[in-house]
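Reader: I am new to this. Please take me through one part of this protein closely, and start with the overall picture.

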Amino acid sequence: MSETNETLSNLLHEERRFEPPADLAASANLTAEAYERAAADPEAFWAEQAERLDWSQKWDRVLDWDDPPFAKWFSGGTLNASYNCVDRHVEAGRGDKVAIHFVGEPEGDARSITYAELKDEVSRAANALTSLGVAAGDRVAIYMPMIPEAVVAMLACARIGAPHTVVFGGFSSDALASRLTDCEAKVVVTADGGYRRGAASALKPAVDEARTKTDVVEKVLVVRRTGQDLGADGWDDAVDVWWHDVVDTASAEHQPEAFDAEHPLYVMYTSGTTGKPKGILHTTGGYLTGAAYTHWAVFDLKPETDVYWCTADIGWVTGHSYIVYGPLANGATQVLYEGTPDSPERGRWWKIIADYGVTIFYTAPTAIRSFMKQGREIPDRHDMSSLRILGSVGEPINPEAYVWYRSVIGGDRTPVVDTWWQTETGSIMISPLPGVTHGKPGSAMTPIPGVSAEVVDEAGEAVPNGSGGYLVLTRPWPAMLRTIWGDDERFKDTYWSRFESLGYYFAGDGAKKDEDGDIWVLGRVDDVMNVSGHRLSTTEIESALVSHPKVAEAAVVGASDEDTGQAPCAFVILRDEAGDGGKDIVEELRNHVRKEIGPIAKPRQVMVVAELPKTRSGKIMRRLLRDVAENREIGDVTTLADSSVMDLISQGISSGK
Ligand code: 6R9
């Protein structure tokens, strides 16, 4: 943890504090009292939060922790997640309220969808999926751009009890195929393409290619978004079905069935420390309780007046909890934007905030850092006075980015909530409450009411204030993952074995408690890197590299990067028969990774070396490689001769790093 401590001593010089605005504090959804109430009786507190939902059958037991680490929340209760996200708002007379302001990337391509319209569309899609042979318990994959049909598809799956697995549209056909195979997805919902940086970008061909690698898929349901030509081989009548043929013509009447609180809601794949992504399983009652409660509490949501916008992609957990399930369960009005922040111009996001009067805005530090680089003139051209709360997620936010965000985007008025959580936790765990907690740039502060987190040493003892250690969650929480799809052993081993006797959940992050006891999350302590807020495993990229015919061995490290937080840097040993690999070897390998996994995994640097530093037991010493990668100037020569790598490494050793 020495690197961790170094980072921390820099951070601890941060002394700026921001008090909650008086009007926000006076009308806050949660007040300081909630912390004590929740700590005194966490189960009673969570039962109170579960009352936000409509249950067909109330639970008999709040938490069943008889067989840890396999939790059951709200046992005996039944509900339908889709009913909770749409129908109940319509039944309560709010059918005309806008659920989604959709903003397509092409300018002027926008439409607003009310809760009543959403209910009809979800019902039609549920009927269509049923007619395609999907029944409760079957898995459906969703591989789509950020368009309303993606949300509709997720809710339609939830409505019929078919767990969905959303695969990020930026992932390659290989990544898609491995996920389809792992969860045996019967149907894939996709689109011909989506708009990215001003052009139509195809998706359907990747599904076709994935189908050549797995035979689990029976039907592919395709939304026509771009109208691009699919080509002569791009359509298989036996498998492919147009959304407009089967969904638009289906009945808008659909009776949602109540499912058990523990019925699987979705599987979300995330990178672990091995090459094989983990299918994180979330279930219905506890997850929806966690998503709805945290969205209401952390963003101080006032559903009647707020316009909320989360810029995540629905292919990540943030899109699941804070675009689909949390906001819609709470009856919020939100913006859904298809494209990139800079298309057609660099002020696009700020224009959307001004056009729709966005009041709550949730994004990632990597985006904030890139806007900082462009300068404040761009956001300053837009009236963003509607904003009242800003959120950050995905990676540590450095104090300078926090202060810029608060001042330039939030007009020096808005609290910034730095929210720490994971795919596995399902909902926000550590965050300030905007009307209660003062802001401290760089700190996620304290666990929210109902959540118990600690920073502990190797033995699981809480560290004193001013010290660092491992971040753990000490008590179960409703939105926690239930297992890894098809792999209970890996679930136990990854999260629960480290502090087994204490029953703590090990998050894989290092953290520090400052002198006030507030938490600073510092990043992963395992072989997982965080690139622009996206989790990638070093092993996964290494496997992609060694799948290239010229590569004998590869080691990948996450080196710190000004723009993306961390960036993958690869060291490769070529096969003898590949010689020096040819002059384009670096680009060839970078593109190979891009093809195998997706653009976000493309290494920033590939260094061809003759030798990799290893321990006596043959383990690659990644720490030394990270020293090498971080000491190099970006844009420097990317091919290193063996001696220079080894020189740099030995310098690293002699300087005691
Ligand atoms: C929601 C999400 C989880 C990992 C997590 C940690 C990092 C997320 C953070 C943060 C510092 C924050 N992380 N939020 N680190 N401060 N506010 O991002 O889920 O993709 O599973 O990533 O991201 O390292 O362990 P996921």
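Author: The protein chain has 21 helices and 30 strands. Helices (H or I, at least four residues) and strands (E, at least two) are DSSP runs, numbered from the N terminus. The radius of gyration is 24 Å, close to the 26 Å that the globule rule gives for 657 residues, so the chain is as compact as a globular protein of that length. That radius is taken over C-alpha atoms, and the globule rule is 2.2 Å times the number of residues to the power 0.38. Of the 657 residues, 60% count as buried (under 20% relative accessible area, with a 1.4 Å probe and protein chains only).

A word on the source. This is a predicted model: local features need pLDDT of at least 70, side-chain atom pairs count only at pLDDT 80 or more, and totals for chains, interfaces and linings use all residues. Residues are numbered from 1 along each chain as its sequence is written, and side-chain values use heavy atoms, with hydrogens and water left out.

Seven strands form an open sheet. Their order is E5-E4-E17-E16-E18-E19-E20, and the pairing is mixed. Two strands pair if DSSP finds at least two bridges between them. Strand E5 (110-114) and strand E20 (416-419) stand at the edges. Each has a single partner strand, so one side of each is left without a neighbour in the sheet. From one strand to the next, the twist averages 20°.

Look inside the sheet. Strand E16 (residues 307-310) pairs with strand E17 (residues 333-337) in the parallel sense, over three bridges. Tryptophan 309 has valine 335 in E17 as its bridge partner.

Helices pack here too. Helix H16 (residues 399-409) packs on the sheet and touches strand E18 (360-363), strand E19 (389-393) and E20. Contact means heavy atoms within 4.5 Å. The direction of H16 makes about 150° with that of E19. Axes are lines fitted to C-alpha atoms, for helices over the stretch in contact, and angles run from 0 to 180 degrees between N-to-C directions. Helix H6 (residues 115-131) lies across strand E4 (98-103) and E5. H6 runs at about 85° to E5.

Last, contacts along the whole chain. Take those with a separation of 6 or more: residues 24 or more positions apart account for 72% of them.

Technical notes. Buried means under 20% relative accessible area, exposed over 50%, partly exposed in between (1.4 Å probe, protein chains only).
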